[in-house]
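Dear colleague,

Please find below the structure that I am handing over to you. My notes on it follow directly after.

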Amino acid sequence: MSATGEVTDRRSRGRRIILWRHGQTAWNVERRFQGSTDVALTETGIGQARRAARLLASLKPDAIVSSDLQRAADTAAELATLTGLDITREENLRETYAGVWQGLTHEEIIARHGEEYAAWKRGEPVRRGGGELETEVADRAAPVVLRHAEKLPEDGTLVVVSHGGTIRTTIGRLLGLEARHWESLGGLSNCCWSVLGEGARGWRLLEHNAGTLPEPVLGDDT
């Protein structure tokens with residue numbers, strides 16, 4: 001209760017992390033595995049980024065951090081233009097390096113590396129194409145996200161612009177899920193995002209694969 005006798009709500013919302021996937025690329029349309037290959041946005045992807053940026057800007061983010069690959073950095077630039085925030089580029093937010101899989105379509109991967117692909121889908125630790133393990137991606141990406149989140153003001157919001165695989169592994173790590181369960185987090189559509197909120201017992205997944213602004217959760221579990 002305030003000095004005037006009015007009841008005040010002093011509960012802190014806590015910090016938020018918005019993990020935003022980049023817009024569409026030509027390789028997305030062709031269903032080619034991009035990995036760490038630097039592929040540009042299509043015109044459609046640029047339009048997706050501009051639309052999403054208008055929504056995310058209304059959340060008044062405090063900081064933007066992005067993968068240094070062009071498709072992510074150009075997506076982040078649309079939000080930076082609207083908010084006036086600088087973008088911090090981080091190499092460790094790049095997509096999973098997938099060796100010889102990169103540049104291949106999913107059909108080509110299945111035809112040439114079918115057993116490896118099936119093992120990955122079963123949740124087994126696989127170096128796809130001779131590249132990184134998913135746990136190694138989380139090892140490099142999650143600490144970057146946490147380091148920037150720690151710099152936020154109370155109730156601040158961080159926007160992380162990255163890639164589908166990297167975002168999934170980062171969410172899994174921050175939620176404390178075992179790596180074999182990370183695949184249960186569905187993929188993100190181009191320019192959609194997930195929201196993590198700071199709770200009493202750590203980070204919580206508030207929104208996943210969202211393309212509209214988060215709505216309050218009204219119910220017995222809040």
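I begin with Arg127, which has a relative accessible area of 40% and therefore counts as partly exposed, the class between 20% and 50%. This residue sits in the loop that joins α5 to α6. Setting aside residues up to four places away in sequence, Arg127 touches Glu116, Glu132, Leu133 and Glu136. Its C-alpha is also 10.0 Å from that of Thr96, although 31 residues separate Arg127 and Thr96 in sequence.

Please bear in mind that the model is a predicted one. The average pLDDT of the protein is 91, and 91% of the residues score at least 70. The exception to keep in view is residues 1-10, where pLDDT stays under 50. For this stretch the model has 5 contacts beyond four places in sequence. Where pLDDT is low, the predicted coordinates should not be read in detail.

Helix α5

Just after α5 comes Gly123, with a positive phi of about 95°.

Cavity and pocket

Rolling a probe the size of a water molecule over the atoms shows where empty space is left. The structure holds 1 cavity of 30 Å³ or more. The largest cavity contains about 40 Å³ of space. Which residues line the largest cavity? They are Trp120, Gly123, Glu134, Ala179, Arg180 and Glu183. By class, the lining of the largest cavity divides into 2 nonpolar, 1 polar and 3 charged residues.

The second largest pocket holds about 590 Å³ of space. It is lined by 25 residues, of which Arg21, Phe33, Glu95, His106 and Gly165 are the closest to its centre. Two or more lining residues come from each of α5 (114-121) and α7 (164-175). The lining of the second largest pocket comprises 5 nonpolar, 11 polar and 9 charged residues.

Most residues other than glycine have a negative phi, and most peptide bonds are trans. Against that background, two residues deserve a note.

Arg31 is not a glycine, yet has a positive phi of about 60°. Arg31 belongs to the loop between α1 (26-29) and α2 (43-57), and is partly exposed at a relative accessible area of 45%. Apart from neighbours within four places in sequence, Arg31 is in contact with Leu104, Thr105, His106 and Glu107. One of these, Glu107, is 76 residues away in sequence, while the C-alpha atoms of Arg31 and Glu107 are 8.7 Å apart. Another contact of Arg31, His106, is among the residues closest to the centre of the second largest pocket.

Lys60 likewise has a positive phi, near 55°, in a residue other than glycine. Lys60 lies in the loop that runs between α2 and β2 (63-67). Is Lys60 buried or exposed? Its relative accessibility is 65%, so Lys60 counts as exposed.

With kind regards

Key
Residues are numbered from 1 along each chain as its sequence is written. This is a predicted model: local features need pLDDT of at least 70, side-chain atom pairs count only at pLDDT 80 or more; totals for chains, interfaces and linings use all residues. Side-chain values use heavy atoms; hydrogens and water are left out. On a 1 Å grid over the protein atoms alone, a cavity is a set of points where a 1.4 Å probe fits but cannot get out, and a pocket is an open set with protein on both sides within 12 Å along at least five of seven lines; lining residues have an atom within 4 Å of a point. Grid points are joined across faces, edges and corners, and a volume is the space filled by probe spheres set on the points. Helices (H or I, at least four residues) and strands (E, at least two) are DSSP runs, numbered from the N terminus. Ala, Val, Leu, Ile, Met, Phe, Trp, Tyr, Cys and Pro count as nonpolar, Asp, Glu, Lys and Arg as charged, and the others, Gly among them, as polar. pLDDT is the predictor's confidence in each residue, from 0 to 100. Contact means heavy atoms within 4.5 Å. Buried means under 20% relative accessible area, exposed over 50%, partly exposed in between (1.4 Å probe, protein chains only).
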